[in-house]
Amino acid sequence: MEARVGAASVRTDLVLGSTHPLRLERPIVIASGPLGFGAEASELIDLRDVGLFVTRGVSLAPRSGPSLPRVVEVPGGLLHAISRENPGVDEVIDRHASAWRAAPCAVAVSLVATNEKSLAALIARFESRADQVRIDAYEIDLTSPSDALDGARWESTLDEGVRLIDAARESTELPLIVKISPDAASLRALAEAAADAGVTALSVSGSPIGYLPSRSRTRGALAEGVGELSGPLIRPRALAAVVSVHGALPIIGGGGIGSPADALDAFAAGAAAVSLGSALWADPGLPRAVLESARRAAAARGLASISDLAGLALSGANERASE
Amino acid sequence: MGAAPVRAQLLAVGELAPGRSALLLRLPELIASLRAGHALHLLHAEAGGYRLRRVAPVTQIDLIAGSVQVALQPRADGGRDSLAELVPGAQLSVVGPIGQPIEIDPDALQILIVTDVEGFPWVRLLATSLAAAGRSVTMLLESSTAAEIPPASLLPESVEIHVATEDGSLGHHGSAADLVATYAAWADQVVAAGSSELLSATTLLLRAAGVSDRTSARVARPRGEAGAKRLQLIVAHEIGCGSGVCGGCTYQSAAGSVRLCKEGPAVTPSGSTGRTRGAR
């Protein structure tokens, strides 16, 4: 197809949400987890290619992680169990707030809370130190464990998921991004409830759960037993989740994106922005490659903005978005 | 953190033991910085799409040839490692060194190494370099069966090897840990690498023998942590970011958390590295 718009003139910026909008200069999101809390990220990748950096999960009090092995390779990806290990809100702020202030992209802190009270207290703690931190949004991690569900994920039931979202909305005026996995119950209803609650975007970047025995088959491959899956093996499921919530609210699509072509698939399935994770360990240049590829793809279709690629596959344009 | 990847040329693919692959790499940029205990993060440079860097312990260094041998650890899922299927001439993307060298007390002249087939790649270079430095090295090597034991030719002749097999097909019938008590008094320092069961058993036996609390005639050590440092455990990990940020190789212990890719792979039984830790 002949380009009607030069790639260089294709707009990369976008605004997610309306009642609590979040402006991103680029539709590239660094998923919570793989690159830490912030201070180290700029040494690993060029954050100027990124629209939003999401920190590893932060809780009110320190959380310890499981024994090793915590990460093992599986066909098509990896199985991991870090259990939201973090040193707690105060230490994270002390160590990383300066990096957030200096970041050339928006910053969201991923919040981990096992009940609504601790979530409210966690947000209050961040906002009490607002003079030291620059936070553009909070990510509410519905893939983290809930006390009320005996450690099962918040997203396991619609009611529990909505309860945490409401608690977050009552606690802050900052944009909220709700993180779910393809395992989430009642995905469409959850997305609509999130939209009604004033959530800015839904991040379909959470890992579905997985299990693998050890080679001896005498225990789990992970010390924790059940873990979470990342990598290409989850990509079709993540894309199906994006499709199922498309139209309810802006979507950050992730899960197994390892190449620019994978990212174009996520845009085509309905994502307004794409989330990159463990693929960055091997390819720190992936954000720029995705950005350039998306600009060329938009230009080739005569689109003025990368965000116009969102949902192409759902609007009758059945051809795969490609360079 | 975040060392830039360098290219390495694959010179040969071989075996350390039956079914345990090793890669010989031309790696001039990093070779001078590598020590026993270090690993490299490897990636097939020409592969596309989603990839993971695998942790490969350094098993041999040839400074004259500019080559480095690394071992491919078996995948936890039992799958084949695509790196083992590459042919000489392939280009690898390498990040390293991963971790810290294994520290041996300058005054420790008699070193006991307790290991199994999986731990062997982490201590082969240590045994070789200690022997080359004139220290006495005894290795207790465990395997499920004789056929899986790495060949003795991989170690200098001066290294004394005692084999234990689970099926009794060679050497002691049982675990290498069963032999630890025999050598506990002899050793000035002990390094253990292998399965968590072997590490636990070795730690318990040495504690029972009083080794971690014993004051050497040559090296006066106070009781407690300084004495405990005489036993070092090598904790392996498979994949991860290699930058200390993902939490995938964090080893939880009584002494706090240790990022194996940064402060490891050697820890004391209490979990500390015995090194000054930097801020994270």
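Author: Start with β13(B) and β14(B), which form a hairpin. This is a predicted model, by the way.

Reader: How many residues sit between β13(B) and β14(B)?

Author: Two residues lie between these strands.

Reader: And do they pair in the parallel or antiparallel sense?

Author: Antiparallel, over four bridges. Strand β13 of chain B covers residues 250–253, and strand β14 of chain B covers residues 256–259.

Reader: Which residue stands opposite B:Ser253?

Author: That is B:Gly256, in β14(B).

Reader: Where do side chains point in a strand?

Author: In a regular strand they alternate between the two faces of the sheet.

Reader: OK, switching to chain A. How many helices and strands does chain A have?

Author: Chain A has nine helices and 14 strands.

Reader: What does its C-alpha trace span?

Author: About 55 × 50 × 40 Å along the principal axes of chain A.

Reader: How much of chain A counts as buried?

Author: 59% of its 323 residues. Chain A still exposes about 11800 Å². Carbon and sulfur atoms supply 51% of that area.

Reader: What about contacts between residues at least 6 apart in sequence?

Author: In chain A, 69% of those contacts join residues at least 24 apart.

Reader: Last one: how many positive and negative side chains are in chain A?

Author: 30 positive and 38 negative. The centres of the two sets lie 4 Å apart.

How values were computed: Residues numbered from 1 in each chain as written. Chains lettered and ligands numbered in written order. Predicted model: local features only at pLDDT ≥ 70, side-chain atom pairs only at ≥ 80, totals over all residues. Heavy atoms only, no water. Buried < 20%, exposed > 50% of the residue type's maximum accessible area, 1.4 Å probe, protein only. Contact = heavy atoms within 4.5 Å. Areas by Shrake-Rupley, 256 points an atom, 1.4 Å probe, with all protein chains shown as cover. Lys, Arg positive; Asp, Glu negative; His and termini not counted. Charge placed at Lys NZ, Arg CZ, Asp CG, Glu CD. Pairing = 2+ DSSP bridges.
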